[in-house]
Amino acid sequence: YEAELARVIGVGGRGSAEADAHRHIFGYTIVNDVTARDLQGRHSQWLIAKSQDTFCPMGPWAVTRDELDIGDTGIRCFVNGDIRQSSNTRHLIFDIPTIIATISAGVTLRAGDVIATGTPAGVGIGFDPPRYLKAGDVVRIEIDGIGYLENRVEELRA
């Protein structure tokens, strides 16, 4: 589980300056950036660990960019009702204009693209011992001004 604010691109483009980044944003939604830490460790890279079927649930709602103060928005994640992550967008390492400008320097943005922000402290691998998800766990991510996304973890079926 990784609670993340995601921006939904409404207007495409490439090579945007930070000052113009907001023009690309249609709105915002919630992302649970699920990572299979066992696969990440086995393959020593992120792609396969974050790209499995059913990973990266998002939604179920989106709000338009004018409905959210991205400079001061609370983000929380609960696993089985226990708080695991609690932070605010004012603590992002890279602000949203910087992220959009950096990505659009090499990737053409298209309407409908979704860009996640990164996650606050409190992910399972950060605990000692780690607290990984297991079948039956319920992950709930709340972002002020958007709502919540809730998912139940299930065992992989062939």
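**Exercise 1. Work out whether the radius of gyration of the protein chain agrees with that of a compact globule.**

Solution. The chain has 158 residues, for which a compact globule would have a radius of gyration near 15 Å. This radius is taken over C-alpha atoms, and the globule rule is 2.2 Å times the number of residues to the power 0.38. The protein chain has 16 Å, which agrees with the rule. As a further step, look at the C-alpha trace, which spans about 45 × 30 × 30 Å along its principal axes.

Before going on, note that this is a predicted model, in which local features need pLDDT of at least 70, side-chain atom pairs count only at pLDDT 80 or more, and totals for chains, interfaces and linings use all residues. Residues are numbered from 1 along each chain as its sequence is written, and side-chain values use heavy atoms, with hydrogens and water left out.

**Exercise 2. Find where in the protein chain confidence is lowest and where it is highest.**

Solution. Begin with the whole chain, whose mean pLDDT (the predictor's confidence in each residue, from 0 to 100) is 90, while 96% of its residues reach 70 or more. Then turn to the elements: helix α1 (residues 37-43) has the lowest confidence, at a mean of 69, and strand β7 (residues 138-143) the highest, at 98. Where pLDDT is low, the predicted coordinates should not be read in detail.

**Exercise 3. State how many helices and strands the protein chain has, and give their order.**

Solution. Helices (H or I, at least four residues) and strands (E, at least two) are DSSP runs, numbered from the N terminus. The protein chain holds 3 helices and 8 strands, and from the N terminus on they follow the order β-β-α-α-β-β-β-α-β-β-β.

**Exercise 4. Decide which residues of helix α3 are buried, and what covers them.**

Solution. Buried means under 20% relative accessible area, exposed over 50%, and partly exposed in between (1.4 Å probe, protein chains only). In helix α3 (residues 96-104), the buried residues are Ile-96, Thr-98, Ile-99, Ile-100, Ala-101 and Ser-104. Their cover includes β1 (3-9), β2 (25-32) and β6 (114-116). For the chain of 158 residues, 41% count as buried.

**Exercise 5. Determine whether Ser-86 is buried or exposed, and which residues it touches.**

Solution. First locate Ser-86, which lies in strand β5 (residues 82-88). Its relative accessible area is 54%, so Ser-86 is exposed. Leaving aside residues up to four places away in sequence, Ser-86 touches Ile-75 and Arg-76, where contact means heavy atoms within 4.5 Å.
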